[in-house]
Amino acid sequence: MKKEIVFCFLLLFLFLCCLLVVLAAEADATPVVSRVIDGDTFDTTSEGRVRLADVDAPEYGESGYYDAKQFLEDLVDGKTVILDIDDVYETDPYGRLVCVVYVRHNSTHFVNVNKALLVEGVAVIKNYDNEFSPYAWTLYVHENAVPEFPSLLVLPVFMIITLLVVIVYKRKD
Ligand SMILES: [Ca+2]
Ligand SMILES: [Ca+2]
């Protein structure tokens with residue numbers, strides 16, 4: 001009987017460990033876009049200013065600025081977005097969060113906003129040293145594949161570890 005209790009606590013402990021690992025890797029946020037600044041920058045209600053990673057849209061005064069800004073506004077303004085924040089540097093020299101941004105497209109898919117700007121032709125790739133590779137992006141991403149989306153990733157990890165623990169435990173008996 002005592003053994004079972006210890007075992008339950010062990011599992012609980014393991015579950016919390018898994019949860020912590022997943023949450024620690026979770027650099028994401030899901031703020032609402034409050035204002036689009038230009039084609040590659042916007043403000044959010046809770047996370048401050050976001051700079052879209054690895055893309056470059058025209059600055060104010062440059063040709064294409066309004067098209068890029070309008071496109072980004074249509075795509076994200078006032079909406080809840082998922083931020084995949086750069087794990088390497090997190091922010092740029094201006095303190096803006098460097099992110100790949102996802103916005104819901106339909107019941108199953110999200111749009112990679114960074115990629116959408118490239119596909120629309122209102123921004124170009126500028127591949128900085130960070131965790132992202134713009135050449136690997138796809139426009140539509142299944143919700144289960146949105147990177148670091150606060151998913152149920154913890155469950156399969158926990159199940160695998162539990163299985164291993166059970167096997168080891170059984171062997172001891
Ligand atoms: Ca990240
Ligand atoms: Ca990059």
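This is a predicted model: local features need pLDDT of at least 70, side-chain atom pairs count only at pLDDT 80 or more; totals for chains, interfaces and linings use all residues.
Student: What covers the buried residues of α3?

Tutor: The cover includes β3, β4, α2, β6 and β7 (109–112). The buried residues of α3 themselves are Val113, Asn114, Lys115, Ala116 and Leu117. Buried means 20 or more other C-beta atoms within 10 Å of a residue's own, exposed means 12 or fewer, and partly exposed lies in between, with C-beta atoms placed from the backbone.

Student: What share of contacts join residues at least 24 apart?

Tutor: Two residues are in contact if their C-beta atoms, placed from the backbone, lie within 7 Å. Among contacts between residues at least 6 apart in sequence, 66% join residues at least 24 apart. Phe158 lies in helix α4 (residues 154–172) and counts as partly exposed because it has 19 C-beta neighbours inside 10 Å.

Student: At what angle do α2 and α3 pack?

Tutor: Axes are lines fitted to C-alpha atoms over the stretch in contact, and angles between N-to-C directions run from 0 to 180 degrees. Helix α2 (residues 65–76) and helix α3 (residues 113–120) pack at about 140 degrees, with their axes 11 Å apart. That makes α2 oblique to α3; under 35 degrees is roughly parallel, over 145 roughly antiparallel, 65 to 115 roughly perpendicular, and the rest oblique.

Student: Which residues in α2 and α3 meet?

Tutor: From α2 come Ala68, Phe71, Leu72, Leu75 and Val76, and from α3 come Val113, Ala116, Leu117 and Glu120. By class, the contact of α2 with α3 has eight nonpolar residues, no polar ones and one charged residue.

Student: Is strand β5 covered on one face or on both?

Tutor: In a regular strand the side chains alternate between the two faces of the sheet. Here both faces of β5 are covered: Val81, Leu83 and Ile85 are buried on one side, and Ile82 and Asp84 are buried on the other. Five of the five residues in β5 (residues 81–85) are buried. Five bridges join β5 to strand β6 (residues 97–104), and the two run antiparallel. Ile82, for one, has Tyr102 in β6 as its bridge partner.

Student: Where is Asp54, and what about its phi?

Tutor: Most residues other than glycine have a negative phi. Asp54, in the loop between β3 (49–52) and β4 (55–56), has a positive phi of about 60 degrees. Glu90, in the loop between β5 and β6, also has a positive phi, of about 65 degrees.

Student: Are Asp54 and Glu90 buried or partly exposed?

Tutor: Asp54 is buried, with 25 other C-beta atoms within 10 Å, whereas Glu90 is partly exposed, with 15.

Terms used. Residues are numbered from 1 along each chain as its sequence is written. Chains are lettered from A and ligands numbered from 1 in the order in which they are written. Helices (H or I, at least four residues) and strands (E, at least two) are DSSP runs, numbered from the N terminus. Ala, Val, Leu, Ile, Met, Phe, Trp, Tyr, Cys and Pro count as nonpolar, Asp, Glu, Lys and Arg as charged, and the others, Gly among them, as polar. Two strands pair if DSSP finds at least two bridges between them.
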